Amino acid sequence: IGSVQAVADMTDGSGYVVLTNIPSRTLIVSAKGGGNEVGFAGVVPSSPGSSSSIDVFMTTFKAPSDIANNNFSQGTDGWLLPNDLIGAGGLEKVSIEAHEEDVGPGKSGGRRHRHRRAQSSLNDYDLMVNTAGVEGQTSVSRTFNVGDGVTEVKVRYRFQTNEVTGGYYGSKWNDFFFVNIRTDKSDSFDSQARVIAAMNDFQLTEFDQTTGEMAWEELSLVLP
């Protein structure tokens with residue numbers, strides 16, 4: 001079960017869109033406002049022909065942090081975290097982990113997303129967003145000013161899901177993730193770089209089937 005894309009434009013400010021004939025699979029919704037606001041959300045319709053709704057909360061630019069902590073050397077200082085940091089079973093939704101470079105099944109061909117594959121780590125720490133046992137969406141963000149002469153911003157990321165190890169690959173249950181880099185220097189769609197993907201967008205061979213881990217990837221945004 002791969003991805004099918006539907007696009008709807010809103011110009012009346014109602015903020016309401018109806019999509020019909022949606023199959024019973026994970027539906028990922030992304031939205032962009034006229035003021036460069038963005039939002040992402042997902043839902044699984046209960047059955048074909050049923051009615052489901054989803055709220056997409058739009059996010060504007062926050063005040064930039066003056067804490068130099070893009071590499072997590074100061075923990076989560078300067079990062080915007082979920083209001084509730086503890087999920088089901090007492091699990092932390094966000095944590096700082098020791099970096100592991102050698103993850104995933106190894107390099108594989110035929111990638112759907114053509115972002116340059118990451119080669120190495122610049123620090124020894126990673127931020128992990130944990131959604132295990134959590135209903136709904138969890139996200140973190142950071143707003144910062146770039147220095148003089150900076151022409152590109154990069155984010156390294158990797159995806160892991162227990163739906164692979166649980167045998168749900170290829171089903172309507174389809175964990176998804178998003179990574180988004182955007183700048184307030186422009187209101188055009190080119191002002192952001194993003195990955196919005198779900199488990200079934202990838203080949204099963206792209207996962208370590210004992211852990212559900214994928215290899216590191218890199219997303220970059222060239223600044224205007």
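Rings of Phe, Tyr and Trp, the last by its six-membered ring, form a pair if their centres lie within 6.5 Å. Planes under 30 degrees apart count as stacked, planes over 60 as edge-to-face, and the rest as tilted. The exercises below concern a predicted model.

**Exercise 1. Layout of the chain**

Describe the order of helix and strands along the sequence.

Solution. Begin with the inventory: the chain has one helix and eight strands. Reading along the sequence then gives the pattern β-β-β-β-β-α-β-β-β. As for contacts between residues at least 6 apart in sequence, 69% join residues at least 24 apart.

**Exercise 2. Aromatic pairs**

State how many aromatic pairs the structure holds, then classify the pair of Phe72 and Trp79.

Solution. The structure holds seven aromatic pairs. For Phe72 and Trp79, the ring centres are 4.9 Å apart, which is within the 6.5 Å limit. Their planes stand at 35°, so the pair is tilted. Next comes burial, for which the cut-off is under 20% relative accessible area. Phe72 has 14% and is therefore buried, while Trp79, at 21%, counts as partly exposed.

**Exercise 3. A pair between two loops**

Classify the pair of Phe159 and Phe207, and locate both residues in the chain.

Solution. The ring centres of Phe159 and Phe207 are 6.3 Å apart. With the planes at 65°, the pair is edge-to-face, because this angle is over 60 degrees. Phe159 lies in the loop between β5 and α1 (162-165), and Phe207 in the loop between β7 and β8. The pair therefore ties together parts that are 48 residues apart in sequence. Both residues are buried: Phe159 has a relative accessible area of 7% and Phe207 one of 2%.

**Exercise 4. From the pair to the core**

Find the cluster of rings that includes Phe159 and Phe207, and relate its residues to the largest nonpolar core.

Solution. Ring pairs link Tyr157, Phe159, Phe177, Phe202 and Phe207 into a cluster. The largest nonpolar core has 17 residues. The elements giving two or more residues to the core are β5 (152-157), β6 (176-182), β7 (192-198) and β8 (217-222).

**Exercise 5. A charge over a ring**

Which residue lies over the face of Phe61?

Solution. The residue is Arg182, at 4.2 Å from the ring centre of Phe61.

**Exercise 6. Burial and surface**

Terms used
Residues are numbered from 1 along each chain as its sequence is written. This is a predicted model: local features need pLDDT of at least 70, side-chain atom pairs count only at pLDDT 80 or more; totals for chains, interfaces and linings use all residues. Side-chain values use heavy atoms; hydrogens and water are left out. A nonpolar core is a set of buried Ala, Val, Leu, Ile, Met, Phe, Trp, Tyr and Cys residues joined through side-chain atoms within 4.5 Å. Buried means under 20% relative accessible area, exposed over 50%, partly exposed in between (1.4 Å probe, protein chains only). Helices (H or I, at least four residues) and strands (E, at least two) are DSSP runs, numbered from the N terminus. Contact means heavy atoms within 4.5 Å. A charge sits over a ring if NZ of Lys or CZ of Arg is within 6 Å of the ring centre and within 35 degrees of the ring normal.
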